[in-house]
Structure formats: C-alpha cells, structure tokens
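Hi,

Here is the structure I promised to pass on.

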Amino acid sequence: MKIVIFGLTISSSWGNGHATLWRGLCKHLGRLGHTVIFFERDVPYYAGARDFNELPGGQLRLFSNWEETRSLARNEIADADVAIVTSYCPDAIAATDLIISEGRASPVFYDLDTPITLARLMAGESVAYIGTRGLRDFALVLSFTGGPRVVQEFRDRVGARDVRPLYGHVDSDIHRPVPHEPHYRADLSYLGTYSEDRQRGLEALFVEPARARQDLRFLIGGAQYPDDFPWSPNIYFVRHLPPSEHAPFFASSRMTLNVTRKAMAEMGWCPSGRLFEAAACGVPLLSDDWPGIEEFFTPGSEILIAQDAQDTLDALAMSSPDLQSIARRAYERTMDQHTSDKRARELVALLEQSVSGCARRQQSEEA
C-alpha cells in the first residue's frame with residue numbers, strides 16, 4: 001500500500017509524543033513493503049530541535065504553508081491507497097477537505113490525543129483539527145485510547161462510523177537493554193515533558209519521596225519544566241532527551257515512574273508510550289493507577305502501582321531481585337504484544353479492511 005500521512009511531526013521529538021510513535025510505525029510499515037509519505041509543516045520550534053531527517057522506505061515532506069504544498073499533496077493522494085490525518089496536525093481540516101474532495105484514497109483519522117479531544121468535545125469546545133462535518137467522512141477512525149466510552153463518544157459527538165483502538169508501542173531496535181551510563185544513574189527516574197495536569201501526581205509520587213529519601217538519587221528528563229518546579233537537592237534534571245538517549249536513561253535507573261495526564265487517566269485504556277519504552281529497556285515500572293491498565297501490564301507482577309508517596313517509598317524499599325523479576329515479566333509482555341512491529345501489523349490489517357470497504361462502496365455507487 002501507499003500511505004500518505006498528514007501529521008503534527010515526525011522530524012522532532014521535542015515536547016510531543018507523536019514523533020517517536022510515528023518513527024516506529026513508519027519504519028516497520030516500510031519493512032512490510034508499504035510506502036509512506038509524511039507531510040509535516042516546518043515550524044521553528046520543531047526545526048530547532050530536529051532529530052530525524054529521512055524516512056526509510058518513504059519520504060518526509062516538510063513545507064512552510066499549506067498553499068505551497070497543496071498541489072504536491074494532491075499528486076501524492078492521487079495514487080495512494082490510504083490518506084491519514086492526525087490530531088494536532090496544523091493543516092488537518094485543509095488536508096481532510098483535499099482527501100475527501102479527491103475521493104481516491106481511503107480516508108482515515110488517527111487521534112493520538114483521544115482523551116483531550118473528547119474532553120473538549122464534551123465541554124462544548126471546538127477542536128482545531130476536526131472540521132464542521134466532524135469525522136463522518138472518514139472510513140476509519142483510529143484512537144490512541146480504547147475502553148468502553150470511546151467508540152460511543154466518537155459516534156455520538158462527531159459522527160465517526162468505524163472506531164478502532166491503535167495503542168502506543170515501542171521500537172525495540174532503539175529501546176532495549178543497554179549498559180548503564182553514570183550520568184543517568186538514579187534510584188527512581190521520570191521521563192516526560194512538563195504538563196501542569198501531571199504536576200500533582202508527580203509531586204506526590206516523585207517529589208515527596210525524594211524529600212523523604214535524601215540518601216537516594218532521583219532523576220527527571222524532559223522539556224518545558226518551569227523555574228518554580230519544586231526541586232529537591234537530590235533531584236537531578238536532564239533537559240530534553242532525543243529517543244536515542246532514552247534507552248541509557250531508563251537502563252541506568254533502578255526503577256522508573258510513569259505519571260499519566262489527567263484526561264488520559266480519567267478516560268482510561270490509554271497507555272503512554274513511555275511505559276512500553278521503559279519496559280523494553282528492562283527497567284522496573286512504577287505507575288499511577290488508571291482504568292484498564294491491567295490490559296497492558298499485570299499489577300503486582302509486571303508493574304507496580306502507586307497511589308501516594310508511601311507506595312513509592314515501599315517500592316523503593318523492595319529488593320533488587322524482586323524488582324528485576326517484575327522488570328523481566330514486563331519486558332516479555334512488551335516484546336510479545338507492544339512493539340512497533342506488532343502495532344504496524346495491526347495497522348496494516350485495519351487499513352486493508354478500510355480500503356476493501358471503500359472499494360465495495362464505490363462499486364455499489366457505480367452500479
């Protein structure tokens with residue numbers, strides 16, 4: 001298949017969770033014999049932190065504004081099997097209009113930010129990447145979030161016809177067990193872009209335990225942290241890490257923490273890609289709790305759950321052999337179910353169904 005994607009970014013992993021996911025998917029789609037053309041608006045904040053310039057087996061199309069790339073996009077869509085528009089794509093509505101007007105490629109919408117999208121829709125707010133016709137013109141809507149509410153909400157609020165989950169994943173070529181790096185050494189680490197709606201959880205599960213255990217080393221990696229973040233003398237900080245540094249970051253931790261954004265936690269069934277990345281690097285996982293987490297990792301066996309600071313302190317007090325047993329089981333589960341290769345194959349199966357459905361509808365209309 002030829003797949004054309006209009007996305008937020010694949011070229012820069014700075015301050016977003018889209019790029020790493022798309023890199024893993026696109027690489028493995030290429031290995032499966034498919035061609036991917038990725039359109040991305042070239043904006044200064046991503047250009048200044050660009051860490052990916054070529055798309056193996058496909059093409060990365062950077063452009064300054066939609067008008068200058070409309071003709072090229074139309075040409076690529078003309079012989080494409082599938083055209084995908086994503087959440088937070090700055091040209092999502094224009095790309096949607098073009099795809100639908102051309103009527104050739106099977107139109108697909110991939111919401112990598114489902115909880116945020118639905119929270120805004122439920123609050124009666126507009127969503128910049130969804131037009132006035134909602135999602136009713138898309139043959140398939142993919143959602144980064146699963147669970148019982150998602151399908152109904154997308155159908156009722158934006159007219160989606162066919163909604164399927166496509167969860168996060170990890171590229172095991174990049175995220176894997178590697179030797180420890182002294183400058184990333186930590187008893188507990190946390191990797192994530194700063195987010196105000198994660199702050200309360202981060203303070204409870206990371207900052208408070210750090211203050212209680214001044215004899216231990218805590219490490220945060222990420223972008224956009226404010227100057228007034230409640231640092232402690234034993235909390236160390238590494239500014240934005242490119243994906244190539246994630247493996248040594250995780251592998252150098254005795255344990256790593258996941259804190260879920262508020263909208264994601266409330267919706268449930270929305271695992272951060274960081275969970276799979278960390279598990280693939282062989283580090284024990286500690287996470288806040290949210291509905292559906294047991295569908296991805298078994299609490300107490302493959303992942304530890306923390307409700308408060310004491311839970312974190314109890315986890316830090318566990319023996320190394322016990323923590324490594326948890327890490328090993330999480331690694332095995334991840335390699336079996338949550339790699340980019342597995343997810344690419346899931347995506348191909350969903351897209352093939354969508355293409356077949358579009359072909360049948362066209363034949364019916366022509367008849």
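Below is what turned up, starting with the sheet and moving on to the helices.

One thing to keep in mind: this is a predicted model.

The sheet is an open one, with six strands in the order 10-9-8-11-12-13 and parallel pairing. Its edges are strand 10 (235-239) and strand 13 (304-305), each of which pairs on one side only. Moving in from strand 10, you get to strand 9 (residues 218-222), and five bridges join the two.

Helix 10 (residues 273-280) lies across strands 8, 11 and 12, and runs at about 160° to strand 12.

Helix 7 also meets helix 11 (residues 309-316): their axes come within 8 Å and cross at roughly 65°, and the crossing is right-handed. On the helix 7 side the contact involves Ala204, Leu205, Glu208, Pro209 and Ala212, and on the helix 11 side Ala309, Thr312 and Leu313. By type, that makes six nonpolar residues, one polar and one charged.

Then there's helix 5 (residues 114-122), whose buried residues include Pro115, Ile116, Leu118 and Leu121. The buried residues of helix 5 pack against strand 5, strand 6, helix 6 and helix 9. Just after helix 5 comes glycine 124, with a positive phi of about 80°.

Cheers

Conventions:
Residues are numbered from 1 along each chain as its sequence is written. This is a predicted model: local features need pLDDT of at least 70, side-chain atom pairs count only at pLDDT 80 or more; totals for chains, interfaces and linings use all residues. Side-chain values use heavy atoms; hydrogens and water are left out. Two strands pair if DSSP finds at least two bridges between them. Helices (H or I, at least four residues) and strands (E, at least two) are DSSP runs, numbered from the N terminus. Contact means heavy atoms within 4.5 Å. Axes are lines fitted to C-alpha atoms, for helices over the stretch in contact, and angles run from 0 to 180 degrees between N-to-C directions. Buried means under 20% relative accessible area, exposed over 50%, partly exposed in between (1.4 Å probe, protein chains only). A crossing is left-handed if the near helix is turned anticlockwise from the far one by less than a right angle, and right-handed if clockwise. Ala, Val, Leu, Ile, Met, Phe, Trp, Tyr, Cys and Pro count as nonpolar, Asp, Glu, Lys and Arg as charged, and the others, Gly among them, as polar.
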